[in-house]
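Let's take a walk through this model together.

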Amino acid sequence: MIEAYLPIFAMIVIAIVLGVLLLTLGRLLGPKRSNSEKMSTYESGIEPVGTAKARISVKYYLVAMFFIIFDIEVIFMYPWAVNLREFGVSGLVSMITFALLLLVGYFYILKKGGLEWN
Amino acid sequence: MLNDLLLTLPITIATVWVLVLILCEAFVHNANLTRWLTAIGFAGIIASIFLIPSPEGYAYGTMLRTGTFTNFSNFIFAVSGLLVVSISDKYLEEEEINFGEYYIILFISTIGMMLMGSAANLSVIFIGLETMSVALYTLAGMLRKDVRSNEAAMKYFLLGSFATGFFLYGIALIYGATGELALPRIAASLQTNGVSTLFWIGLSLLMIGFLFKVSAVPFHQWTPDVYEGSPTTAAAFMSTGSKAAAFSSLIIVLSNISIALPNNAVLQTAFAYIAVATMAVGNITALTQDNLKRMLAYSSIAHAGYMLVGIAAGSNEGYSGVLYYALIYTLMNVGAFGVIAVLERHRTLTNASDYAGLFKQHPLLAGLMAVFMFSLAGLPPFGGFVGKYKVFAAAVEADLTWLAIVGVLASVVSVYYYLRVVIFMFMRDPEPAPQANANATGSFALVAIAVIVFLMGIFPTEVLKLADNAMKVALK
C-alpha cells in the first residue's frame with residue numbers, strides 16, 4: 001500500500017533537489033551586473049506604475065463577493081443541465097429551490113443598496 | 001422528499017423562516033420587527049419539537065438523523081437562540097449596532113447547529129459546522145467600528161478556518177480508510193474490514209476540529225480574546241449554542257463508531273487526559289481574571305472540560321450527562337452574560353470590582369447574577385450541580401474514578417472566582433452606581449432563566465429522563 005506512493009515520493013525529492021541545485025548554481029556561477037532597470041519590479045514587460053499597495057474601494061469586494069455567489073450558482077447548474085432528464089422532476093424542484101434561495105439573497109443585496117456605487 | 005421535509009420539521013421551519021427574515025429586513029428595514037420575527041421563529045422551532053416530535057429514523061436517505069436525540073439537541077439550540085435574542089436588543093442599541101442582520105445571522109447560525117445535531121453523515125456535519133462558524137465569525141465582528149471586535153472576528157476566523165481544515169482533512173482520511181461518509185456505514189465498514197492506521201489519523205484530525213470548537217485545551221487560546229472582543233450577547237451565543245452543537249456532533253460520531261473500535265481504551269484515555277488539561281487550565285487561569293467576560297471565557301473552557309469527562313466515560317450515561325450539561329450550561333451562561341450585557345457600557349463596567357455594592361443599587365440584577373454564579377460553580381440546589389453530578393457519576397461507573405476526583409477538585413477551585421463576584425456584589429460598598437439598561441423582555445428572560453436553573457436543580461428528573469431517553473434510542 002505504502003510502496004505505491006514511492007514514485008510520488010521520488011518525484012518530490014527530485015523536484016526539491018533540482019530546484020535547490022539550480023538556484024544555488026545560478027547564484028554561485030552567474031555574473032551579477034545589476035542596474036536600476038534590472039532591479040525594478042517585473043510587470044510582464046510593461047514599465048511599473050506606482051506601488052501594488054493601492055487602496056481599493058470596499059465596494060469592489062462586495063461586487064466580487066456577489067459575483068462569486070452567482071458564479072457558483074451557474075457552476076452548479078452545468079452538471080444539472082447535462083443530466084436534466086435523469087434527475088427528473090425532483091432535480092428540477094431542487095434546482096428551482098436553489099435558485100429561489102439565491103434570488104432572496106439577490107433581493108436583499110438590491111434593497112440594501114449593495115449594487116449602488118455612490 | 002415532502003416526507004423528509006416533515007421529518008426534519010425544525011430545520012425546514014428554520015430554513016423557510018430565515019428567507020422570510022431576509023426579505024423582511026430587505027423590504028421593511030426595521031431591526032425591531034426583525035427581532036420579533038426572529039423570536040417567533042425560535043418559538044416556532046421549539047413548538048414544533050414539542051408538538052410534532054420526529055420519530056426515530058433517517059431523513060434524506062441517510063443524511064440526517066431524526067428522533068429523540070435530534071429533538072433534544074435542536075431544543076438546546078433554539079432555546080439558546082431565543083434567550084440571546086431576548087437579552088440582545090437594549091445592549092445592541094447601547095452599542096449602536098442594532099441591525100436586523102444581527103438577528104438573521106444568529107438565526108442562520110442556529111440552522112448550522114441543528115444540522116450538526118442531527119447529522120448522520122460526516123459531510124452534513126461539515127456543512128453544519130461551516131454554516132454555524134461563518135455566521136459566528138460575523139457576529140464576533142458586529143461592533144465594526146471597534147478594533148477589539150475586529151480583532152476578535154479576525155482571530156476567530158483565522159483559527160477557526162485552520163481548525164476546519166483539520167476537520168476536513170480528517171473526513172477525507174476517514175473516507176480514504178473506509179470508503180464511506182455515512183456514520184452507520186463507516187461503523188459497518190470498520191467491523192468487516194478492521195481499523196487501519198489511516199482511520200486513526202483521520203479520527204484524530206476530526207477530533208481536533210471538534211475540540212477546537214468546544215475550546216478544549218490545547219485548542220483553547222482563541223476563546224478569551226474572542227469572547228472579550230465580541231459583543232457580549234454574541235459571546236453568550238458562541239459559548240453556549242456552538243459548544244452544545246459541537247458536543248452533540250461529537251456524541252453522534254463517537255456513539256456511532258465506538259462500537260466498531262476494537263480498543264476503546266485508547267480513545268477513552270485520550271479524552272480523559274484532554275478533559276484533565278482543559279479543567280485545570282480553564283479553572284486556574286480564570287482565578288486571575290478581573291474582567292468578567294474573560295473570566296467567563298476561561299470558565300467556559302473549564303466547563304468544556306467537565307463535559308469532556310462525560311465524553312471520556314463513553315457510556316450512555318456519560319453522553320446523556322453531556323446533553324443535560326449542555327442544556328443547563330446554555331441557560332446559566334446566557335444568564336450570566338445577560339447580566340453583564342445589562343450593565344456594560346462600551347467595554348467599561350465589565351470588571352468584578354465594578355460590581356461592588358451592586359446589591360444595594362440593583363438588588364434584582366445582583367440576585368440573578370448570584371444564582372448564575374452559584375449554578376456555574378456547581379453548588380446545589382442549582383441546575384449546574386445536577387449536570388456535574390451526572391457526568392462525574394458516569395465517569396465513576398466507567399472506572400474513571402480518578403477523573404471524577406480531578407473534576408471535583410477543579411470545581412472546588414472554580415468556586416473561588418465565581419464567589420468572588422458574589423462577594424463584590426453583596427459585601428462591598430457601592431462605588432458610583434452602574435446604570436442598568438434592562439428592559440421588560442430582557443429582565444423577564446433573565447428572571448425566567450434563573451427560575452428554570454433553580455427548578456432544574458430541584459426537579460431534574462424529567463429533563464434527565466429526556467436526556468437519557470435521547471441517548472438510549474440514539475445508540476440503538
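What follows goes from the core to the helix pairs, then to the loops and the chain contact.

One thing to keep in mind from the start: this is a predicted model.

Let's begin on the inside. The largest nonpolar core has 187 residues, and the members that touch the most other members are Ala312(B), Met369(B), Met373(B) and Ala395(B). If you want to know which element gives this core its largest share, look at helix H14 of chain B, residues 316-343, which contributes 19 residues. Now zoom in on Ala312(B). Setting aside neighbours within four places in sequence, Ala312(B) is in contact with Gln268(B), Phe271(B), Ala272(B), Ala275(B), Ala395(B), Leu400(B) and Leu403(B). Ala395(B) turns up in that list, and Ala395(B) is also among the core residues that touch the most other members.

Now for the helix pairs. Start with H7 (residues 147-178) and H9 (residues 197-213), both of chain B: they pack at an angle of about 155°, and their axes are 7 Å apart. Angles over 145 degrees count as roughly antiparallel, so H7(B) is roughly antiparallel to H9(B). The crossing of H7(B) past H9(B) is left-handed. On the H7(B) side the contact includes Phe166(B), Phe167(B), Gly170(B), Ile174(B) and Ala177(B), while H9(B) brings residues including Leu198(B), Gly202(B), Leu205(B), Gly209(B) and Phe212(B). How do the residues of the contact of H7(B) with H9(B) divide into nonpolar, polar and charged? There are 16 nonpolar and six polar residues, with no charged ones.

From H5(B) come Leu106(B), Thr110(B), Met113(B), Met116(B) and Gly117(B), and they meet Phe237(B), Gly241(B), Ser242(B), Ala245(B), Ser248(B) and Ser249(B) of H11(B). Sorted by class, the contact of H5(B) with H11(B) has five nonpolar and six polar residues, and no charged ones.

One more pair: H16 (residues 363-377) and H19 (residues 440-458) of chain B, whose axes come within 10 Å and cross at roughly 35°. H16(B) passes H19(B) in a left-handed crossing. Here Leu368(B), Val371(B) and Ser375(B) of H16(B) meet Leu446(B), Val447(B), Ala450(B), Val453(B) and Phe454(B) of H19(B). The contact of H16(B) with H19(B) divides into seven nonpolar residues, one polar and no charged.

Most residues other than glycine have a negative phi, and most peptide bonds are trans. Against that background, go to the loop between H9 and helix H10 (222-229) of chain B, where Pro218(B) sits. Val217(B) and Pro218(B) are joined by a cis peptide bond, with omega about 5°. There's another cis bond between Pro380(B) and Pro381(B), with omega about 10°. Which residues other than glycine have a positive phi? His29(B) has one near 60°, and Tyr60(B) has one of about 50°. His29(B) is in the loop between helix H2 (9-27) and helix H3 (31-51) of chain B, and Tyr60(B) is in the loop between strand S1 (57-59) and strand S2 (64-66) of chain B. His29(B) counts as partly exposed because it has 13 C-beta neighbours inside 10 Å. Tyr60(B), with 16 other C-beta atoms within 10 Å, is partly exposed as well.

Buried or exposed? Asp290(B) has 12 C-beta neighbours inside 10 Å, so it counts as exposed. Beyond its neighbours within four places in sequence, Asp290(B) is in contact with Asn351(B), Ala352(B) and Ser353(B). The C-alpha atoms of Asp290(B) and Leu343(B) are separated by 16 Å, and the two residues are 53 apart along the chain.

Finally, step back to see both chains. Their contact takes six residues from chain A and six residues from chain B. The side of chain A that touches chain B has three nonpolar residues, one polar and two charged.

Conventions: Residues numbered from 1 in each chain as written. Chains lettered and ligands numbered in written order. Predicted model: local features only at pLDDT ≥ 70, side-chain atom pairs only at ≥ 80, totals over all residues. Axes fitted to C-alpha atoms, helices over the stretch in contact; angles between N-to-C directions. Helix = DSSP H or I, 4+ residues; strand = E, 2+ residues; numbered from the N terminus. Parallel < 35°, antiparallel > 145°, perpendicular 65-115°, else oblique. Left-handed = near helix turned anticlockwise from the far one by under 90°. Contact = placed C-beta atoms within 7 Å. Nonpolar A, V, L, I, M, F, W, Y, C, P; charged D, E, K, R; others polar. Core = buried A, V, L, I, M, F, W, Y, C linked by C-beta atoms within 7 Å. Buried ≥ 20, exposed ≤ 12 C-beta atoms within 10 Å, placed from the backbone.
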